[in-house]
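Welcome! Have a look at the sequence and the model below, and then we can walk through them together.

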Amino acid sequence: MTLLLIVLLPLFGALVPLATERYGRNICAWSACIAPLISLGLLISHLPRVLAGETLRYHREWLPSLGLDLSLRLDGLGLMFALLITGIGLLVLLYARYYLSSKDSLGKLYALLQIFMLAMLGIVLSDNILLMLVFWELTSLSSFLLIGYWSHQSAARKGARMALAITGAGGLCLLAGALLLGHIVGSFNLGDILAAGDQIRAHSLYPITLILVLLGAFTKSAQFPFHFWLPHAMSAPTPVSAYLHSATMVKAGVFLLARLYPALAGTEMWFFLVSFTGLATMVYAAYTALFKHDLKGLLAYSTISHLGLITLLFGFSTELAAAAAVFHIINHATFKASLFMAAGIIDHETGTRDMRKLNGLWKYMPYTALLAMVASAAMAGVPLLNGFLSKEMFFAESLHLEYMGAWGWVMPVLATLGALFSVAYSWRFIHDVFFNGEPVDLPKYPPHEPPRFMKVPVEMLVVLCLLVGIFPHFTVEPFMHAAASAVLGHEMPEYHLALWHGFNLPLLMSGIALAGGLLLYSQRKGLFAFYERKFRSDEKLVFEARVQRSVRLAQWVTDRLENGSLQRYMALFVGSALVVGTVGMWPLAEWTGSRALTPVDPVSLIAAGLLIVGSFGTVLIHHNRFAALLLLSVVGLVVSLTFIRFSAPDLALTQISVEAVTIVLLMLALYFLPQLTPNESGPKRVVRDVALSGAAGAGVGLLCWTVLTRPFTSISDYFLENSVSGGGGSNVVNVILVDFRGFDTLGEITVLALAAVGIYAMLHGLKLPLPNADGEGRRWAQDPHPPILSVMTRILLPLAIMVSLYIFLRGHNMPGGGFIAGLITSVALILQYISTGTEWMQQRLRWNYRKVAASGVMIATLTGLASWLFGYPFLTSTFTHVHWPVVGDFELASAMAFDVGVYVTVVGATMLILAHLGRLAQSTHEPPATNEKGEKI
Amino acid sequence: MELLISIMIAVMTACGIYLMLRGRTFPVIVGLTLFTYAVNLFIFVMGRLKAGAPPIIGTGESYTDPLPQALVLTAIVISFAMTAFVLVLALRARAELGNDHVDGAPVNEREDSRI
């Protein structure tokens, strides 16, 4: 449980500074440190047990079906990293308090830093590789935010985007790699994976898995050729660079190499891929670092180079090399973080990081200079400092590599070369900044020592460099031993860190590197000129150009597909549907199935003929919109006849009432639209559309035929059997609607009501040009409300309402129900509107149809909720039999109340649509309504 | 009969889609309505053709499949709502854009504006 607490405390720590920011910077800083301090304390409390070789675990199931568990482990490697993360994190928090100017939000930086801390702790303590990936992505995201902290700077935004693109892509590769690992091993548990090393290495998927995992590690740890994001991430505030881009995040990649070492290492492929990537990175970056004029640029390339060294050590695949790698991770974190902080101090006090301007600072800030020089010497690998020890181990390991064969001399030579460059740039850092004449146009002059507490973090780290360098046996050895044992998966061989190993080859290599580095630096003038001529390429420009190119490609594709023409989308849509349908139907061997065909009777034949003629007619005369509408209604009628013919009376009733409403609606709308459709399609377009629609029609017909001629099984037997006993109604369709699938119906009437409300909103404030003649130029009739019609419909209204009530009441047992009754009521009301006018109706029927529709949905919902009162699930129905005086025995089901809701919604929604459209016609057709005195109302 | 129904659905689909590919809003809506008929009928006949056997318990020996009927019944009502919605959208578009072309402007005008 404390493990979980260690990881999650920074999350709490991320919230605190945001809250305390308003009470001043000191309180904000101290309160931000509380959570990491507790985490660090908890870690230290576990120290003895872990150093004794124990592995602490925490396990909780999260998504067991995916193999993703919330399981954590604390072993030597995790402990070492967790200590670095919380320890250096605390120092960075303190440092940032003084680094950040009062314009920038301290709370935001603290919050982001602690979210990052959480993510890093999650990576190093995960015992499940999927969980580790979650945290891995979180580091990419939080680092994106941290690099882009000064979001007003273009460089910061671009740098952040580049870092996210590279590490994010790497994260995806790692995800694939992790899934493959899980596939090979059968578990995502880290313990299982580490134990299954032989199985993984023997598996045929091993090469691809290894490459994917390495891609993830190399992008994160900025290995060549993915290194270029790191120098651009330096546009982040310096505390962020010190923390993320030297001590922790870039170490996540090498941590991954260490963590999966027992599972993946030990093959020739591992050796060549890992060590040569590391070697190339180390030499290339050390060489480039020498030529960077920006302090942080130099440090960034130096970081890349040292990460290359660590990678190289893991590539060596010997036990001591792995130990050396672990050791160098600690050393690099200490001296590089302090160097970054020193660079930040210099930047802070002088206002520049350009080494061509920064000279001779020794006079102005001797104390800072001393600290930076010690750290820089550690970076160069000078004896008595920690960097020397790990570099010696590195040289020693480079001398005997079994895989290199006759080329064995290559590795030590290149290792020495890399170290030589490293000495040169470290010496440049010291000499250029603190000596080498006088400063040139400093933005802030004269520089002076920074505030006391800004130096404290640097001091602590530098003291660590010295302590480790001089007394390795007492300080770092237990940690290193525990961590290296955890990396190897077994006890590390006996090895003692010591300053003096006698005169041997590694010492000679160190000597050559030191002397050569100083010599190289002394020749810098010519070298710089040479570099300027040859190797000037800005990765950012290249990267941006590629980004732009891919954006243009995407734009081009989008433009091809999406030109803003709905007509084209429709054609593309139908075309794609055709392709998909054809692909799906292709394997079908036989069109006709085994089911017996039903005989054709003459009436059906005539009806079908009517439908076909109606359809084609609609198309042929569609330029005359009104005529097309009339033909369309013929088709609708035949469709409702078809429903009757094949035993669907409910559908027929619904269809015919909807038909009436739809045609009235279309006619109303047609009043506002042109009466004729201009002939715009050229012959080519017509041929294309005929081909498309013909093919689609043929496809659907064929599909229909193949289905209809085949036997089938249905789930409907359940409904048929339980309709009377369970739903209390013999009309199975209605019982399905209001009982079995009542929840669906509730959704559907909600959609209906929503559509009506949407229509109301669109009609609001709508002004349309007013036609005063029909399509052929005839004026509209002078008498819009013929008396005979109005009188007749007034008589009809109560009759129609009664019919609809009858249809509603019998709906549960006979064809009918809420939907149909609602539509019939609507038709009856619409008839009144048509015959006597909207105004007349409005005076008599003062209903707000929006409220009617809404109350319908409410009734249905409340009916459903009512079953909760009796302890049943939502929409459970019940029924009983009551005896009515005249009617006789009558069945009353609670589903009927639901059906009332359906009925009310249908009436409300339909009338909302039609009455408002009608009112629109009214308001534009007639002069504004006036009262008796002739004033406008 | 199966063949006849298939042909009916095929014809309605083809005519509906042809009209939906037109450039003016009203024919598109008419096409949509035709297509809706076709789709509803298609779903309905998935319960196979059976005459004289409505799914009302107690009216006969065997019953046709009630499930597609229940589906289609709500589909009819919803498609009415959708048709109405699209129709009012077309009216609104006419008011806002001054024409009734689906792309917001007739083809020749768009050509002009590009030049």
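## The two chains

Read along its sequence, chain B follows the pattern α-α-α-α, with 4 helices and 0 strands. Chain A comes to 38 helices and 4 strands. Helices (H or I, at least four residues) and strands (E, at least two) are DSSP runs, numbered from the N terminus.

Before going further, a word on the source: this is a predicted model, in which local features need pLDDT of at least 70 and side-chain atom pairs count only at pLDDT 80 or more, while totals for chains, interfaces and linings use all residues. Residues are numbered from 1 along each chain as its sequence is written, and chains are lettered from A and ligands numbered from 1 in the order in which they are written.

## Burial and contacts

A residue is called buried if 20 or more other C-beta atoms lie within 10 Å of its own, exposed if 12 or fewer, and partly exposed in between, with C-beta atoms placed from the backbone. Of the 937 residues in chain A, 48% are buried; of the 115 residues of chain B, 61% are.

Two residues are in contact if their C-beta atoms, placed from the backbone, lie within 7 Å. In chain A, 77% of the contacts with a separation of 6 or more join residues 24 or more positions apart. For chain B, 47% of the contacts between residues at least 6 apart in sequence join residues at least 24 apart.

## Where the chains meet

How many residues of chain A are in contact with chain B? There are 98 of them, in contact with 76 residues of chain B. Helix 30 (residues 683–708) gives the most to the chain A side, with 14 residues. By class, that side has 63 nonpolar, 27 polar and 8 charged residues. Here Ala, Val, Leu, Ile, Met, Phe, Trp, Tyr, Cys and Pro count as nonpolar, Asp, Glu, Lys and Arg as charged, and the others, Gly among them, as polar.

A:Ile736 counts as buried because 26 other C-beta atoms lie within 10 Å. Not counting residues up to four places away in sequence, A:Ile736 touches A:Phe719 and A:Arg741, as well as B:Pro66, B:Leu67 and B:Ala70.

## Helix 28 of chain A

Just after helix 28, A:Ser647 takes a positive phi of about 60°.

## The nonpolar cores

A nonpolar core is a set of buried Ala, Val, Leu, Ile, Met, Phe, Trp, Tyr and Cys residues joined through C-beta atoms within 7 Å. Which members of the largest core, with its 201 residues, touch the most other members? They are A:Val326 and A:Ala375. Helix 16 (residues 319–350) of chain A gives the most to this core, with 19 residues. A second, separate core of 125 residues includes A:Phe646, A:Leu670, A:Val907 and B:Ala75.

Leaving aside neighbours within four places in sequence, A:Val326 is in contact with A:Met80, A:Ala258, A:Met480, A:Ala483, A:Ala484 and A:Val487.
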